[in-house]
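Visitor: I would like to go through this structure and ask what lies behind each label. Please show it first.

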Amino acid sequence: MFDQLTARGCAAFGMLLLILLALPMFADSYLVSVVTLVLWFAYVGQAWNVMMGFAGQLSLGHSLYVGLGAYASAALFVHFGIGPWAGLWLGMLLATLAGAVIGVLGFRFAIRGVHFALLTIAFAEFTRIAFDHIGWLGGSGGFFLPVGDAAGSSPFDLRGSPALFYYVILALTLGALVLCRRLLHSRIGYFWLAIREDQEAAQAVGIDVFRAKLAAVLISAAMTSLGGVFYAFFYNNLFPEQIFSVSRSIELILAPVIGGIGTLFGPIFGAFILTPLAELVTWAIESAGLNMPGIKQIFYGLALVLIVVYRPDGVWPWVARYLKLVRQSGDRP
Amino acid sequence: MTPLLQVENLSKQFRGLRAVSNVSFTVPEGDIIALIGPNGAGKTTMFNLIAGVIRPDEGEVRLSGRRLTGLRPDQVCAAGVGRTFQLVKPFGDLSVEDNILVGALHRRPRIADARQHAVQILDLLELGPKRYQIARSLTLPERKRLEVARALATEPRILLLDEVMAGLRPTETDRLVELLRDLNQRTNMTILLIEHVMRAVMALSDRVIVLDYGIRISEGTPREVVNDPRVIEVYLGSVEGSTAP
């Protein structure tokens with residue numbers, strides 16, 4: 001199914017998959033939680049990539065969809081005892097609605113490029129401010145999910161061991177990979193690529209660019225909101241200042257940007273490079289006895305600068321070519 | 001019988017500049033019509049008016065009697081108008097085949113079906129050897145042919161070609177002329193082309209329409225037009241020998 005991969009690429013992917021599947025059996029809980037975080041960024045990065053990498057629409061406000069998914073499912077759980085597997089539908093619905101508003105506004109009024117990105121930031125920002133004032137959801141003081149024995153450990157309520165969360169996010173990440181692969185090789189996928197490359201030419205070959213771009217936003221928003229649902233039940237606490245913040249939106253896009261925008265494996269590859277390195281930097285600074293808050297952000301900034309300067313297409317296409325994991329352009333598929 | 005394309009009293013102003021001024025003409029089905037004129041005569045504006053990129057101030061465009069004016073470019077394409085761009089617009093990061101595939105997907109929603117159609121057009125425009133290359137790596141003459149191929153893949157009833165010969169060597173021009181004439185004869189494809197290269201205009205077109213400052217100043221067979229004193233004065237007389245027949 002991954003027709004771009006060479007035999008060697010398929011073997012590498014299969015190996016990685018086996019290691020990931022077996023990980024909780026041999027790794028300690030710290031490593032499991034780090035890889036959980038890696039996969040979370042891979043998943044949400046994959047979701048963002050649908051909009052930016054496929055359809056070429058830059059969103060710098062994806063924290064909006066994470067936040068809506070998180071708060072919707074958490075609110076249903078805390079206030080009504082409805083588990084996340086049911087609650088995620090509300091999260092997806094709200095995120096898609098928000099995406100529809102942004103998409104219709106932006107695309108109907110032909111807001112493009114940087115200005116569209118600003119629009120996405122604006123929506124995330126005023127949602128953050130609004131949530132600061134919703135007392136029913138804890139306001140700026142935060143919203144907390146019950147933890148510990150009282151909460152039980154039912155997979156149906158997504159309450160349980162780190163391994164449970166690990167397998168859930170692994171399934172989500174693989175699911176997103178398969179979905180994106182299918183989208184990319186579908187009619188709408190080709191339309192997205194055409195729009196990304198040249199909107200005017202896309203329109204001239206009969207593509208309804210408004211509808212195609214809106215579809216990208218809706219799918220991306222719905223996928224991202226699932227990441228939010230996971231986030232809520234994994235961390236058990238939600239603060240508007242954190243979950244809706246612009247810096248969160250930036251953090252979400254680093255994995256695909258570093259891995260390779262518009263590629264299927266870029267977001268996953270980027271997350272596997274970035275998150276462990278960031279953890280390592282934080283750990284090194286702490287164990288050196290230094291107190292440097294914000295060191296992670298500085299590290300992210302540095303990583304971004306290096307990528308933009310040396311590998312603007314991302315690390316994955318370069319590594320994959322170098323290790324002959326994918327077929328070269330010009331080769332017969 | 002109504003002609004395939006009817007342009008009626010079309011006018012468009014840009015901030016006081018009359019780019020197209022009350023122009024009318026018709027394109028009968030199966031004909032090849034050339035639109036010529038000096039730079040700034042309003043030829044590309046005319047194409048953009050037909051293709052729905054810009055809306056006219058007055059007048060309208062009809063395809064087989066159906067009004068195109070007011071439709072979006074994608075709707076104009078759906079109605080049966082395929083176009084190329086003067087400054088070529090390939091989907092740079094996609095392969096040559098996928099570029100054409102995107103065009104073919106318009107009327108053939110199934111990928112396999114569209115790809116099969118794309119491959120036929122690929123061969124028709126002699127792009128077969130470049131099939132899996134990314135479009136950005138093509139030379140200019142290849143890009144021009146890709147532009148035609150992609151428009152053709154949408155299975156239009158009329159093809160609008162905006163200076164597809166510009167920048168080609170004479171042998172390449174002759175080859176493309178031959179290709180287009182062949183296409184016209186075999187499939188009865190109607191073609192409206194903007195062209196500066198008189199060699200191509202003379203060889204291809206059934207009739208020629210001459211624009212100057214947005215006004216239609218002459219129309220006729222290629223031979224009639226190049227002998228028209230008005231045309232010689234505003235167009236051929238003022239341009240270097242390279243564009244003369």
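Guide: This is a predicted model.

Visitor: What makes two residues count as being in contact?

Guide: The test is that their C-beta atoms, placed from the backbone, lie within 7 Å.

Visitor: Why is A:Leu183 called partly exposed?

Guide: A residue is buried with 20 or more other C-beta atoms within 10 Å of its own, and exposed with 12 or fewer. A:Leu183 has 18 C-beta neighbours inside 10 Å, so it counts as partly exposed. A:Leu183 is found in helix 6 (residues 162–184) of chain A.

Visitor: Which residues does A:Leu183 touch, leaving out those up to four places away in sequence?

Guide: They are A:Val50, A:Ile188 and A:Gly189. A:Val50 and A:Leu183 are 133 residues apart in sequence, while their C-alpha atoms are 8.8 Å apart in space.

Visitor: How do you know that the size of chain A agrees with that of a compact globule?

Guide: The rule for a globule is 2.2 Å times the number of residues to the power 0.38. For 333 residues that gives a radius of gyration near 20 Å, and chain A has 20 Å, so the two agree. Along the principal axes, the C-alpha atoms of chain A fill a box of roughly 60 × 50 × 40 Å. Chain A has 14 helices and 2 strands, and buried residues make up 47% of its 333 residues. Of the contacts in chain A with a separation of 6 or more, 75% are between residues 24 or more positions apart.

Visitor: How do you know that the span of helix 4 of chain A is close to the expected one?

Guide: The expected span is 1.5 Å times one less than the number of residues. Helix 4 (residues 84–108) of chain A has 25 residues, and 36 Å is expected. From first C-alpha to last, helix 4 of chain A reaches 34 Å, which is close to that value. Just after this helix, A:Ala110 takes a positive phi of about 50°.

Visitor: Why is chain B called as compact as a globular protein of its length?

Guide: Chain B has 9 helices and 10 strands. Its radius of gyration is 18 Å, and the globule rule gives 18 Å for 245 residues, so the description holds. Buried residues are 48% of the 245 residues in chain B.

Visitor: Where does the domain assignment of chain B place its domains?

Guide: Domain 1 is 5–80 + 157–243, and domain 2 is 90–155. Their C-alpha centres lie 24 Å apart. In chain B, 8 residues of domain 1 are in contact with 10 residues of domain 2. On the domain 1 side, strand 7 (158–162) and helix 6 (170–187) of chain B each supply at least two residues. That side has 6 nonpolar, 1 polar and 1 charged residues.

Visitor: What makes strand 1 and strand 4 of chain B a pair?

Guide: Two strands pair if there are at least two bridges between them. Strand 1 (residues 5–14) and strand 4 (residues 58–63) of chain B are joined by 5 bridges and run antiparallel, so they meet the test. B:Gln6 stands opposite B:Arg62 in strand 4. Strand 1 of chain B is also joined to strand 2 of chain B, by 7 bridges, with B:Val7 opposite B:Phe25. Strand 4 and strand 5 (residues 66–67) of chain B pair over 2 bridges. In their hairpin, B:Ser64 takes a positive phi near 50°.

Visitor: Why are strand 2 and strand 5 of chain B said to stand at the edges?

Guide: The open sheet of chain B has 4 strands in the order 2-1-4-5, with antiparallel pairing. Strand 2 (17–27) and strand 5 each have a single partner strand, so one side of each is left without a neighbour in the sheet.

Definitions and conventions: Residues are numbered from 1 along each chain as its sequence is written. Chains are lettered from A and ligands numbered from 1 in the order in which they are written. This is a predicted model: local features need pLDDT of at least 70, side-chain atom pairs count only at pLDDT 80 or more; totals for chains, interfaces and linings use all residues. Domain bounds come from an automatic or database domain assignment. Ala, Val, Leu, Ile, Met, Phe, Trp, Tyr, Cys and Pro count as nonpolar, Asp, Glu, Lys and Arg as charged, and the others, Gly among them, as polar.
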